Amino acid sequence: VHRLVAVPAEGGPTVAIAGSGAEGLRDGPAASAHLAQPSGLTRLSDGALAFADSEVSVLRVLRDGVVETLVGQGLFEWGTIDGDRDTARLQHPLGVAALAGGAIAVADTFNSLIRIWEQGRLRTLALQESVDEPGGLDVLPDGRLIVADTNHHRVVAVDIATGRVAEIPDRKSVV
């Protein structure tokens, strides 16, 4: 439905917190913003929500009732370009994770890359081993990034400082 919704912990109906229901890329007040297949989301240290808006290949943030696009230009404006918010491009990102220091990791799914948005710039994380259509992301207590490496049918931990990729064994294969 091209919206972000809150699900009450105690149950009950969901509440739309962003998105008018229209598919597209329009920033502004949360209720009238146009979203396009919002996917992974993460809470930033200031309480804002960052999320991947997959269909329009953008990274966005919901802060103080306003949706703002951080990087990306729209439906047919995708690619693998690093840089500032006007030049950088993603392609169908799915996962996001807040990193220490305010950076945001992005699973740039159709580019098969892990990207980092930090201080107004997007950069590609140099990995020692490739990932293929990464999906969900999370951060371990030691700062490593957990990546659903979907086309390799595995979950990996990525050291952001070194680019080292280590497969996390399936419990069934350990037994």
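User: Is glutamate 129 buried, partly exposed or exposed?

Analyst: This is a predicted model, so the answer is computed from predicted coordinates. The relative accessible area of glutamate 129 is 35%. Buried would need a value under 20% and exposed a value over 50%. Glutamate 129 is therefore partly exposed.

User: Which residue forms a salt bridge with glutamate 129?

Analyst: The closest N and O atoms of the pair are 2.9 Å apart, and the cut-off for a salt bridge is 4 Å. Glutamate 129 lies in the loop between β12 and β13, and its partner is in strand β15, so the pair ties together parts that are 25 residues apart in sequence.

User: Which residues are linked with Glu129 in a network of salt bridges?

Analyst: Arg154 belongs to the network, as does Glu129. The network also takes in two further acidic residues, Asp149 and Glu167.

User: What distance separates the side chains of histidine 152 and aspartate 149 in their polar contact?

Analyst: Histidine 152 sits in the loop between β14 and β15. Its relative accessibility is 34%, so it counts as partly exposed. Beyond its neighbours within four places in sequence, histidine 152 touches Ser130, Val131 and Asp132. Its polar contact with the side chain of aspartate 149 has a distance of 2.8 Å.

User: Which residue in β16 is the bridge partner of valine 155?

Analyst: Strand β15 covers residues 154–158 and strand β16 covers residues 165–168. The two run antiparallel and are joined by four bridges. In the hairpin they form, six residues lie between the strands, and glycine 163 has a positive phi near 80°. The partner of valine 155 is isoleucine 168.

User: Which residue in β12 stands opposite tryptophan 117?

Analyst: Strand β11 spans residues 113–118 and strand β12 spans residues 121–124. They run antiparallel, with four bridges between them. Opposite tryptophan 117 stands leucine 122.

User: What is the N to O distance in the salt bridge of arginine 60 and aspartate 27?

Analyst: Arginine 60 lies in strand β6 and aspartate 27 in the loop between β2 and β3, so the pair ties together parts that are 33 residues apart in sequence. Arginine 60 is buried at 0% relative accessible area, whereas aspartate 27 is partly exposed at 36%. Their salt bridge has an N to O distance of 2.8 Å.

User: Which residue in β6 stands opposite alanine 50?

Analyst: Strands β5 and β6 belong to an open sheet with the order β3-β7-β6-β5-β4. Five bridges join strand β5 to strand β6, and the two run antiparallel. Opposite alanine 50 stands valine 61.

User: What is the area of the nonpolar surface patch that includes Phe76?

Analyst: Phenylalanine 76 is in the loop between β7 and β8. Its relative accessible area is 70%, so it is exposed. Together with Leu75 and Trp78 it makes a nonpolar surface patch of about 380 Å².

Note on methods: Residues numbered from 1 in each chain as written. Heavy atoms only, no water. Pairing = 2+ DSSP bridges. Buried < 20%, exposed > 50% of the residue type's maximum accessible area, 1.4 Å probe, protein only. Contact = heavy atoms within 4.5 Å. Polar contact = N/O pair within 3.5 Å; in protein donor to acceptor, adjacent residues only side chain to side chain. Patch = residues over 30% accessible without salt bridge, like charges linked within 9 Å, V, L, I, M, F, W, Y side chains within 5 Å. Areas by Shrake-Rupley, 256 points an atom, 1.4 Å probe, with all protein chains shown as cover. Salt bridge = Lys/Arg side-chain N within 4 Å of Asp/Glu carboxyl O.
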